[in-house]
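Open the model in your viewer and get ready to select residues by number.

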Amino acid sequence: MGITNDQNSVANTDEHTLTCALPGSGKSFTLIELALRLLNKSPSYSILLITFTDAATKELRHRLFEKLTSFQIARVRVQTFHSVAWHMYKLHNNEKLAIGIDQYFFVERAMREESFGGDHAEAMASIEFYGRQITPKGSDDYNYELYQRYLSILKSAKRVDFNMVCKKVYVSLSQDIIPPVNETHILVDEFQDTDKLQYNWLYEHGIRGKKLIVVGDDDQAIYSWRGAAGYQNMVDFQRDFNSVAYILSECFRCGPKILERAGQLIENNHDRVDKPMVSSAPVEGKAWYTDSGEVGEAETAFKSISNRPSDWAVLARSNLQLDLIETIIKSHGIDYQRLGGKGFWDNPVALMFVKSMYVMIEPKSSQVLAEVLGFLHESEQNIGVIINQINMRRISFGDLSYTSDDQWSNVAKRYHGMWEKWQIPTSNSNEVALRLKMMIDLCSHVRSSKSEQGVIRAVSDILQKMQGSFESNIRYLVERSSVKKKDKQAGEDILTLATMHSSKGLQFNRVWILGGNEGTCPSKATLEGNSAGGVDEERRLFYVAMTRAKSELVVSYSIEKELSRFVTESGLEFVQNTIKQTESDENAS
């Protein structure tokens, strides 16, 4: 495939440029060609290419570096927004990052100290809301006191989250406390996913002479819940920099029938860039919808794709919807992969249960001790006192003497009393079982829910089955948790299950979308007015799911619920489900 006229225009730009790119329009190819031409144009040019995921960074770096000389490679940097901000932050600060499971428990500790009545997701929403603001202002919908408590706990632990990092870097840059990046040109992939802090960071570089060239698609803006500004950032960019604008309107992925239906759907959104959509895919494609019929939606999908399962991807609005069809697939022994889900060791309780034992065999880890004491529901005041005493006297928690003046909780006292025994290494299975029972009993006082107890006992079972010394196994599990997981990639020769969000950036020969119902797509929360992006964002998410398909697209819905407006708006053709329930199906149910 040669370069198109639209792609060539983008690849030749050397000024502030906004490019809106359809799904499957070759934006990565165009960005690489642009970078290559800029580097060839002048030896003084250098490029910072910014992406949003590690997988995209790895792919673009590999594809770009294949075409460059060693001298040119030295003038290119490919990184995520977060890694760029973290690099700038570390030059002048020494705190450590709180992300993932670590951040989860810092939030939980703030919730406990503030007697927060909501769940963890609601607490995180408040922290994210205020964290993204340069000057946080109170809101009736979000808990400002919780956010302040969270910041206080992070400060005591000498930790920062990514919002704090991005905010500090932007403010320092705007006040000329730190210099901008060295590169002459900043290229941004998936620009629609930038939030206001990231846009402000770009703006400060643009007004300081850096050339900004951004590529994205407002119709694929599906992350407003984490602050992505989508269409508005595109409008602001054109206004602030009087940028030239291009549209990559030719889609090489979706057959015409599929692209036409997806385009008809997304035209129902108002705040968007109006753009032509032309398919140059090699096949016409098919697009239709069907009902759940006699056998139910998951069984219908499975039976419809079972002849050639590796040709298909099954997409759904949530992981819960994928669970049922995954059970069916497993029962038939079909090879598959699932994207967008979380593994056992992503569970915060699993990791902290291991860390509660790790800190006893690595007693100088005062930072981990503070996390564990928080996990065991010790008050923040007591945690602060304990950590200060340990650090000042350079001793372990086990060496610290408890006095009547101390106000430790009973759980902390019991935990302190276990330390001496745990200093003796062991590989004896009976001793391992005894120590694990002690930890399970200790945690049961503060981690008493059925789900938490189930996770804790599962970790205990794993440790008892592992070979080698108890201490080395615990170290291994903690070290394993700190290894960054690789982004999963969809294969061309395996059935793929994925959430709509996790399917973004991927493509499949055939796509089956589950849950074409009101209350699912759009979600119930959206219909109740409890989502950041509203129905428009749900429509964009459905559009993303539809445009993953190359040759065939099927949407199914449950006959027990109302058909989704998105199915109607897209103009998909209805095909009656004729799959009958067999006697074996009835027995299985």
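Select Phe129, Tyr130, Tyr142, Tyr144 and Tyr147: ring pairs link them into a cluster. Rings of Phe, Tyr and Trp (its six-membered ring) pair if their centres lie within 6.5 Å; planes under 30 degrees apart count as stacked, over 60 as edge-to-face and the rest as tilted. The model is predicted, so local features need pLDDT of at least 70 and side-chain atom pairs pLDDT 80 or more, while totals for chains, interfaces and linings use all residues. Residues are numbered from 1 along each chain as its sequence is written, and side-chain values use heavy atoms, without hydrogens and water.

The whole structure holds 26 aromatic pairs. Keep Tyr130 and Tyr144 selected. Their ring centres are 5.1 Å apart and their planes stand at 75°, so this pair is edge-to-face. Now show the helices (DSSP runs of H or I, at least four residues, numbered from the N terminus). Tyr130 is in helix H7 (residues 120-131) and Tyr144 in helix H8 (residues 144-156), so the pair ties together parts 14 residues apart in sequence.

Are these two buried or exposed? Buried means under 20% relative accessible area, exposed over 50%, partly exposed in between (1.4 Å probe, protein chains only). Tyr130 is buried at 0%. Tyr144, at 28%, is partly exposed.

Next, select Phe191 and Tyr199. Their centres lie 6.5 Å apart with planes at 55°, so the pair is tilted. Both residues are buried.

Last stop: Arg226 and Tyr223. The charged end of Arg226 sits over the Tyr223 ring, 3.8 Å from its centre.

Methods
Helix = DSSP H or I, 4+ residues; strand = E, 2+ residues; numbered from the N terminus. Lys NZ or Arg CZ within 6 Å of the ring centre and 35° of its normal.
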